[in-house]
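Work through the exercises below with the structure on screen. Try each task before you read its solution.

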Amino acid sequence: MASSSALSLLFFACFSISICVITNSSTTAELIRGGFYQPTKVDGSLSFLVVGDWGRRGNYNQSLVAHQMGVVGEKLGINFVVSTGDNFYDDGLKGVDDPAFEDSFANIYTAPSLKKPWYNVLGNHDYRGDALAQLSPVLRSIDCRFVCLRNFIVNADEIVELFFVDTTPFVRKYFTEPEDHVYDWRGVHPRDKYVANVIKELETALGESRAKWKIVVGHHTIRSISHHGDTQELAHLLLPLLRAYNVDFYVNGHDHCLQRISDTQSSIQFLTSGGGSKAWRGYVGSNRDGLEFFYDGQGFMSVEITETDADIVYYDVFGKRLHHFKMSKQLQTM
């Protein structure tokens, strides 16, 4: 059973986040800071799970992935969960009263270990519905774990900062070639100004960060050998910032697989965790530069971080460890 202090922290997080969401509905692409603080454990470590592309009312093995997340979450004593977007299929939520919120989230991720804050970004499928509904504090009156904003920062005792970035507006084809989809661009138009402001805000925040580990979270891939491949707009606009400010990990979903690719020009690791439900696309691209691991199937990822070490593990739908790697840093001395 969760301790009273843990429940108090969760309540405080829900309360403070409700204020921030209203602010983030403007067109300024503000990167929300403050109010998103995750204390580390007694031993100074932090752990969390990462899952993406999940919201299918338990179908396509979503419930099985959720069960294994609960098992691993209990073992690691996780602090929170990161969602890499495409939270509700096929076309986001219809509104704040859409039963898909409970059917695909609240009633699926029920394990005690998952009763922690869920930090979400929006994916392209979320923008095909009522995007503002997912940003609304109303959803937290249904399940206060659910934290979704466009752009925001989670800080954990300056050991790690997670920078959540709204990547869907970066992709020009959603505006110029929407096919038969209707995207909810309220709060985004004009696109060029919105994207420029996101980049400006992120660059300032990365430059000011004193965290030992920097993690940027977005929905879309920067590097991928799966169905969607590289996202050229992010490679052009976002990747230079990640390299310039020594970001350690770029974490994403979008491609329904698990993969790790090392950047060929820096120490950045591109980590895809998009196997929360429907997967198995059967496609592998030819650009495999830096490829370390690829699994075309369902699953999720765990991250454990201390001041000096980061351990990342990928799991399949049965909880089997598919891939593990570790990065280490030297402590800086004054």
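Two strands count as paired if DSSP finds at least two bridges between them. The model used here is predicted.

**Exercise 1.** Find the bridge partner of E304 in β13.

Solution. Step 1: locate the two strands, β12 at residues 299-305 and β13 at residues 309-316. Step 2: these strands run antiparallel and are joined by seven bridges. Step 3: follow the bridge from E304 across to β13, where the partner is D311. As background, strands of a sheet pair through backbone hydrogen bonds, either parallel or antiparallel.

**Exercise 2.** Give the order of the strands in the open sheet and say which are the edge strands.

Solution. Step 1: trace the seven strands across the sheet; the order is β4-β3-β2-β1-β12-β13-β14, with mixed pairing. Step 2: look for strands that pair on one side only; these edge strands are β4 (146-148) and β14 (321-328). Step 3: consider the angle from one strand to the next, where the twist averages 20 degrees.

**Exercise 3.** State which strands helix α2 touches and what angle its direction makes with that of β12.

Solution. Step 1: find α2 at residues 62-76, packed on the sheet. Step 2: list the strands that α2 touches, namely β1 (46-51), β2 (80-83), β3 (118-120), β12 and β13. Step 3: compare directions; that of α2 makes about 15 degrees with that of β12.

**Exercise 4.** Describe the salt bridge between D90 and R56, and explain what parts the pair ties together.

Solution. Step 1: apply the cut-off, a side-chain nitrogen of Lys or Arg within 4 Å of a carboxyl oxygen of Asp or Glu. The N to O distance for D90 and R56 is 3.5 Å, and their side chains meet in a salt bridge. Step 2: place the residues. D90 is in the loop between β2 and α3 (100-106), and R56 is in the loop between β1 and α2, so the pair ties together parts that are 34 residues apart in sequence. Step 3: classify the partners, where buried means under 20% relative accessible area. R56 is buried at 11%, whereas D90 is partly exposed at 45%.

**Exercise 5.** Is R223 buried or exposed, and which network joins D130 to other residues?

Solution. Step 1: R223 has 12% relative accessibility, so R223 counts as buried. Its salt-bridge partner is D230, at 3.3 Å from N to O, and D230 is partly exposed at 25%. Step 2: salt bridges that share partners join D130, D184 and R186 into one network. Step 3: the count of salt bridges comes to twelve.

**Exercise 6.** Why does the radius of gyration of the protein chain agree with a compact globule?

Solution. Step 1: a compact globule with 334 residues would have a radius of gyration near 20 Å. Step 2: the protein chain has 18 Å, which agrees. Step 3: note that 58% of the 334 residues count as buried.

Key
Residues numbered from 1 in each chain as written. Predicted model: local features only at pLDDT ≥ 70, side-chain atom pairs only at ≥ 80, totals over all residues. Heavy atoms only, no water. Helix = DSSP H or I, 4+ residues; strand = E, 2+ residues; numbered from the N terminus. Axes fitted to C-alpha atoms, helices over the stretch in contact; angles between N-to-C directions. Contact = heavy atoms within 4.5 Å. Buried < 20%, exposed > 50% of the residue type's maximum accessible area, 1.4 Å probe, protein only. Rg over C-alpha atoms; globule rule 2.2 N^0.38 Å.
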